Amino acid sequence: MVSWNDQQPIFIQIRQLIINLILSGAAKPEQALPSVRQIATEMAVNPLTVSKAYQSLVELGIVEKKRGLGMFLTPDARTKLLAHERKKFLAEDWPRIIAQIKALELNLADLMAQAN
C-alpha cells in the first residue's frame with residue numbers, strides 16, 4: 001500500500017507517480033496505462049481519484065483515451081512532459097532555490113562540490 005502525503009491531494013500524488021514513470025523511461029510511448037479500477041484497487045483509493053489523475057494527464061496531452069481500449073501514453077508523451085516539467089521547475093521551484101542559495105551564502109564551487 002502507498003503511503004500518502006497529507007499535504008497534497010492524492011490525485012496529484014498519483015499523477016506524479018505516473019510522471020516519474022514516464023520521465024524515468026519505465027513507461028514507454030504509446031504504452032497502455034493500468035485501468036482506473038486496477039490502480040484504485042492497488043492503491044486503495046476511490047476510482048474517481050484515479051480518474052482525476054488520468055484526466056489531468058490527458059489535459060497535458062501526454063495521455064489519450066482510446067475508446068474501448070483504455071488510456072495510453074501519446075507517442076511524444078516524454079518530450080511534452082519534459083517541456084512542461086522544465087517550465088514548471090523554472091517558474092515555481094528555481095526562484096525558491098535561488099533565494100535559499102543566496103540566504104545561505106553558498107557559491108557555485110560549494111554547489112558543484114555537492115553535485116559530484
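Analyst: A nonpolar patch is made of residues with over 30% relative accessible area and no salt bridge, with nonpolar side chains joined within 5 Å. The model is predicted.

User: Which residues form a nonpolar patch on the surface, and with about how much accessible area together?

Analyst: Leu108, in helix H5 (residues 108-115), is one of the members. Leu108 counts as exposed because its relative accessibility is 61%, and exposed means over 50%. The patch is formed by Leu104, Leu106, Leu108, Leu111 and Met112, with about 470 Å² together.

User: What is the phi of Glu30, and where does Glu30 lie?

Analyst: Most residues other than glycine have a negative phi. Glu30 is not a glycine, yet its phi is positive. Glu30 is partly exposed, at 48% relative accessible area, and lies in the loop between helix H1 (10-24) and helix H2 (36-43). Its phi is about 65 degrees.

User: In which loop is Ala44 found?

Analyst: Ala44 also has a positive phi, near 55 degrees, in a residue other than glycine. Its place is the loop between H2 and helix H3 (47-60).

User: Is the aromatic pair of Phe89 and Trp94 stacked, edge-to-face or tilted?

Analyst: The count comes to one aromatic pair. Phe89 and Trp94 have 6.0 Å centre to centre and 40 degrees between the planes. Planes under 30 degrees apart count as stacked and over 60 as edge-to-face. Phe89 and Trp94 are therefore tilted.

User: Which residue lies over the face of Phe72?

Analyst: The distance from the ring centre is 4.6 Å, and the cut-off is within 6 Å. The residue is Lys66.

Conventions:
Residues numbered from 1 in each chain as written. Predicted model: local features only at pLDDT ≥ 70, side-chain atom pairs only at ≥ 80, totals over all residues. Heavy atoms only, no water. Patch = residues over 30% accessible without salt bridge, like charges linked within 9 Å, V, L, I, M, F, W, Y side chains within 5 Å. Areas by Shrake-Rupley, 256 points an atom, 1.4 Å probe, with all protein chains shown as cover. Salt bridge = Lys/Arg side-chain N within 4 Å of Asp/Glu carboxyl O. Helix = DSSP H or I, 4+ residues; strand = E, 2+ residues; numbered from the N terminus. Buried < 20%, exposed > 50% of the residue type's maximum accessible area, 1.4 Å probe, protein only. Phe/Tyr/Trp six-rings, centres within 6.5 Å; stacked < 30°, edge-to-face > 60°. Lys NZ or Arg CZ within 6 Å of the ring centre and 35° of its normal.
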